[in-house]
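Biologist: I would like to go through this chain with you. Could you start with the terms we shall need?

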Amino acid sequence: IDAFFGESECWRLRSHNQMPKIFCLFQLVTDNEPDLVLFVGEALVGNDGVDQLTEFNASLKKYQQDKQNPRLIDGIFLTKFDTIDEKVGAALSMVYVSGQPVLFVGVGQTYTDVRRLNVKSVVASLMK
C-alpha cells in the first residue's frame with residue numbers, strides 16, 4: 001500500500017459503535033508502513049473538520065505499537081473544495097493544528113477532478 005486514505009466513512013463507523021472496523025483501518029498504517037498517510041475530509045464541514053482531523057491523528061497514535069514515535073498524517077486531502085469559495089479558514093486551521101499541508105483538493109466527482117492545492121490562489125482569495 002503506497003497511501004492510506006482515512007476518510008469520513010471511518011467516522012460513520014465510529015458513530016455506529018463499530019470500533020473493530022476502525023482499528024483494522026488504522027492497523028493498515030502500522031502493518032504496511034505506507035509512504036504517505038493523508039487525512040481525507042470535506043471542505044464543507046468547516047471547523048468540524050479540524051475536530052475530525054485531530055481525532056483521526058489521536059486514533060492513529062492510539063492504535064500503534066510505537067507510542068513514542070507514532071506515525072501520524074503526512075498531509076490533508078480536502079474534497080468539495082470547489083464549493084467553499086474564499087471561505088478557507090477551516091483549511092488553514094487544519095494545517096495549523098496538524099502541522100501538515102493540504103496536498104490535494106477535490107473539485108468535482110471524478111479522479112480527474114483531483115488537484116494540487118494552488119496556494120497562491122487561496123492567498124489571493126483571502127486578500128480580497
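Modeller: Contact here means heavy atoms within 4.5 Å, and a residue is called buried when its relative accessible area is under 20%. Please note that this is a predicted model.

Biologist: Which residues of helix α4 are buried?

Modeller: Helix α4 spans residues 89-98, and its buried residues are Ala90, Ala91, Met94 and Ser98. They lie on the same side of α4, because they cover an arc of only 105 degrees around the axis.

Biologist: And what covers the buried residues of α4?

Modeller: The cover includes strands β2 (36-42), β3 (75-79) and β4 (102-106), together with helix α3.

Biologist: What comes just after α4?

Modeller: Gly99 does, and this glycine takes a positive phi of about 75 degrees.

Biologist: Let us turn to α3. Where is Asn47, and is this residue buried or exposed?

Modeller: Asn47 is found in helix α3, which covers residues 47-62. Asn47 counts as exposed because its relative accessibility is 52%, and the cut-off for that class is over 50%.

Biologist: Which residues does Asn47 touch, leaving aside those up to four places away in sequence?

Modeller: Asn47 touches Ala90 and Ser93. The C-alpha atoms of Asn47 and Gly89 are 8.2 Å apart, although 42 residues separate the two in sequence.

Biologist: Now the whole chain: how many helices and strands are there?

Modeller: There are five helices and five strands, in the order β-α-α-β-α-β-α-β-β-α from the N terminus.

Biologist: How much of the chain counts as buried?

Modeller: Of its 128 residues, 34% count as buried. The chain exposes about 8000 Å², of which carbon and sulfur atoms supply 54%.

Definitions and conventions: Residues numbered from 1 in each chain as written. Predicted model: local features only at pLDDT ≥ 70, side-chain atom pairs only at ≥ 80, totals over all residues. Heavy atoms only, no water. Helix = DSSP H or I, 4+ residues; strand = E, 2+ residues; numbered from the N terminus. Buried < 20%, exposed > 50% of the residue type's maximum accessible area, 1.4 Å probe, protein only. Areas by Shrake-Rupley, 256 points an atom, 1.4 Å probe, with all protein chains shown as cover. Arc of directions from axis to C-beta.
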